[in-house]
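Please keep the sequence and the model in view while reading.

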Amino acid sequence: MKTEKLEIIIREAIPSDAKDILEFSEQTGAETDFLVYGPEGLELSEAFEAMYLEGLIEKENAIMLVATIDNEELIGIASVGSNDKPKTQHVGEVGITVAKDFWGYGLGTALMEEVEIWAKESGIIRRLELTVHADNERAIALYEKMGYQREGVLSRAMFINDAFADGVMMSLLID
Ligand SMILES: CC(C)(COP(=O)(O)OP(=O)(O)OC[C@H]1O[C@@H](n2cnc3c(N)ncnc32)[C@H](O)[C@@H]1OP(=O)(O)O)[C@@H](O)C(=O)NCCC(=O)NCCS
């Protein structure tokens with residue numbers, strides 16, 4: 001039997017990834033209830049997303065990483081968003097999504113490791129934070145494995161399938 005070897009590449013997103021990223025948001029929004037959007041995805045224009053990615057490349061306290069198979073099929077995204085205000089520019093909000101077919105193979109771990117390495121090298125980010133659906137056991141297990149601490153429960157942080165859900169606030173301090 002011939003086994004096919006796939007190369008998974010994790011790299012910074014570039015403006016020409018915009019179309020794939022928007023399609024990925026629609027695909028993954030349909031695959032899980034644990035994202036802030038549903039099957040409609042991010043609902044941004046390709047031009048807007050490309051412009052956003054262009055700006056991101058210049059920023060030292062924000063990033064988007066994409067995981068691809070052979071640099072073709074997009075299968076995962078991790079991002080850190082921040083602002084440029086001196087009082088809060090050290091805080092990065094983490095987002096992560098892996099395509100459902102690839103859950104459980106360690107890609108989420110690899111993306112979170114890359115985020116942490118980038119944060120340490122940024123010289124600016126001193127806190128990574130996120131809010132996760134309280135029932136999202138897979139994501140919470142991933143974050144705890146990476147050393148993120150639970151900081152509190154945000155009651156009714158989300159409204160999904162006609163019901164409120166709690167969010168768990170988690171963070172990792174970067175020293
Ligand atoms: C959460 C998500 C990013 C994890 O990605 P992944 O590639 O499946 O993660 P990994 O394979 O690296 O697994 C990470 C950890 O999850 C845990 N895990 C795996 N399967 C699990 C399961 N069925 N139940 C509970 N925990 C599980 C394990 O602790 C695993 O660590 P280990 O490999 O050391 O055992 C992915 O499931 C996803 O994109 N989900 C939908 C979007 C989402 O929820 N994003 C987060 C929003 S806050």
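In this predicted model, the element that contributes the most to the shell around the ligand is α4, which supplies seven residues. The ligand itself sits in the largest pocket, and the elements that give two or more residues to its shell are β4 (91-98), α3 (107-122), β5 (127-133) and α4 (137-145).

**Composition of the shell**

- There are 23 residues around the ligand, and those that come nearest are Val98, Gly104, Gly106, Thr109 and Asn136.
- Sorted by class, the shell comprises twelve nonpolar residues, eight polar residues and three charged residues.

**Polar contacts and burial of the ligand**

- Thr109 takes part through its side chain, where an N or O atom is 2.5 Å from an oxygen atom of the ligand.
- The ligand would expose 940 Å² if taken alone, and the protein buries 73% of that area.

**Strand pairing around β7**

- β5, one of the elements that contribute to the ligand shell, pairs with strand β7 (residues 163-173) in the antiparallel sense over seven bridges.
- Strand β6 (residues 149-160) also runs antiparallel to β7, and eight bridges join β6 and β7.
- Met169 in β7 is the bridge partner of Thr131, and Met169 also stands opposite Gly152.
- β6 and β7 form a hairpin in which two residues lie between the strands, and Asn161 in that turn has a positive phi of about 50 degrees.

Note on methods: Residues numbered from 1 in each chain as written. Predicted model: local features only at pLDDT ≥ 70, side-chain atom pairs only at ≥ 80, totals over all residues. Heavy atoms only, no water. Near = heavy atom within 4 Å. Polar contact = N/O pair within 3.5 Å; in protein donor to acceptor, adjacent residues only side chain to side chain. Areas by Shrake-Rupley, 256 points an atom, 1.4 Å probe, with all protein chains shown as cover. 1 Å grid on protein atoms, 1.4 Å probe; cavity = no way out; pocket = protein on both sides within 12 Å on 5 of 7 lines; lining within 4 Å. Sits in = over half its atoms within 2 Å of the grid points. Helix = DSSP H or I, 4+ residues; strand = E, 2+ residues; numbered from the N terminus. Nonpolar A, V, L, I, M, F, W, Y, C, P; charged D, E, K, R; others polar. Pairing = 2+ DSSP bridges.
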